[in-house]
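I opened my notebook to go through this model piece by piece.

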Amino acid sequence: MRRLTSFAVAVIVAAGVLACNDAATAPDPGVTADRHLAGNGFPKGGHDYRLNIIGVDKNKTADMDDNNGRRIFVQLYCDPETAKNCNWDGNKEEEDIDWRTFDKTNLILLRMGDFQVTDSNATDDDGAMFYLPAPGTFSIYARAHGKPGGSTVLSTCGFDDGLVQDENGDIWCSIDPLIIGSSDFKGKNHSKAIPVTEHLTQIAISTDAFIGADEDDLALQACLAANQIGGTGDGDYDLLIFSSCFEDYFWSYNNNGLRLLELRFYMNE
């Protein structure tokens, strides 16, 4: 996982296609393993929820709170010169983050509950809000649409406000983000849906370079070890979203011209 302590970061450009509770249990991958797939890559039959993440040229200004339209708007491009709304990469200067004033543009904040969008606008500085059930109870498939060549890097992240495990306000993002884009074959878009459950419900964390020996860092590492569902456990941990180790969870959406990302959710049988 990548630890963030400042907002200025490097850009990842997709090339082509681009506290400790009882130990958590991993999601059951078998629910979709036996599904028959349609020609578009999605499982055949109905889905339980669909979310469209739409890239727009201009920021939305309308009030989109309490707006369960099953779509979220994000900025179409990040700014490579300022790293504004770009995917974060690596450890930054030791500088606490104040989550209350932190710019959440192109962030989709996650909450546990029935599927619903309560804030559709991720083009403003307070981000969008999406509710989804507990990980392990559903599977997710994703398909990129739009002009061939558009892509996005979608990272699942957790935020520690300094009150949960670590005294610093730190953001950790998965070292295994979802990289997806529309493909160009003879001038047409032939991208198919792919399974993305682990990318969007888990965080792969690598702590070796960032965890020290002080009491707060050791408390965080102990929580990660107690809640891990995978990884080596020796500085590498796979963590489910909504575990107790972080206060807030979100998707960081680094867009590189992708007009539409379609997510379909299928409850486990």
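**Confidence.** I started with residues 90-94, where pLDDT stays under 50. For this stretch the model has 16 contacts beyond four places in sequence. This is a predicted model, and I then looked up its overall score. The mean pLDDT of the protein is 78. I noted that 71% of the residues reach 70 or more. Residues 1-34 have pLDDT below 50. Beyond near neighbours in sequence, that stretch has 121 contacts in the model. Where pLDDT is low, the predicted coordinates should not be read in detail.

**Overall make-up.** I looked up the secondary structure and found 3 helices and 17 strands. The protein has 269 residues, and 50% of them count as buried. Its accessible surface comes to about 12000 Å². Carbon and sulfur atoms account for 46% of that surface.

**Disulfides.** How many disulfides does the structure hold? I found 2. A disulfide is a covalent bond between the sulfur atoms of two cysteines.

I took Cys-157 and Cys-173 to begin with. Their sulfur atoms are 2.1 Å apart. Cys-157 sits in strand S8 (residues 151-160), and Cys-173 sits in strand S9 (residues 170-173). The two cysteines are 16 residues apart, and the pair links distant parts of the chain. Why do I call the disulfide of Cys-157 and Cys-173 right-handed? Because the torsion about its S-S bond is about 105°. Are Cys-157 and Cys-173 buried or exposed? Both are buried.

Next I checked Cys-223 and Cys-245. Their disulfide has an S to S distance of 2.3 Å. The angle about the S-S bond is -100°, and this link is left-handed. I placed Cys-223 in helix H3 (residues 215-227). Cys-245 lies in the loop between strand S15 (236-240) and strand S16 (248-256), so the pair ties together parts that are 22 residues apart in sequence. I noted that Cys-223 and Cys-245 are both buried.

**Sheet.** I traced an open sheet of 5 strands. Its order is S3-S2-S17-S7-S13, and the pairing is mixed. Which strands are at the edge? They are strand S3 (71-75) and strand S13 (194-195), and each pairs on one side only.

Strand S2 (residues 49-56) and strand S17 (residues 260-267) run antiparallel. They are joined by 6 bridges. Last entry: Asn-52 stands opposite Glu-262 in S17.

Key: Residues are numbered from 1 along each chain as its sequence is written. This is a predicted model: local features need pLDDT of at least 70, side-chain atom pairs count only at pLDDT 80 or more; totals for chains, interfaces and linings use all residues. Side-chain values use heavy atoms; hydrogens and water are left out. pLDDT is the predictor's confidence in each residue, from 0 to 100. Contact means heavy atoms within 4.5 Å. Helices (H or I, at least four residues) and strands (E, at least two) are DSSP runs, numbered from the N terminus. Buried means under 20% relative accessible area, exposed over 50%, partly exposed in between (1.4 Å probe, protein chains only). Accessible areas come from the Shrake-Rupley method with a 1.4 Å probe; for residues, only the protein chains shown count as cover. A disulfide is a pair of cysteine sulfur atoms within 2.5 Å. Two strands pair if DSSP finds at least two bridges between them.
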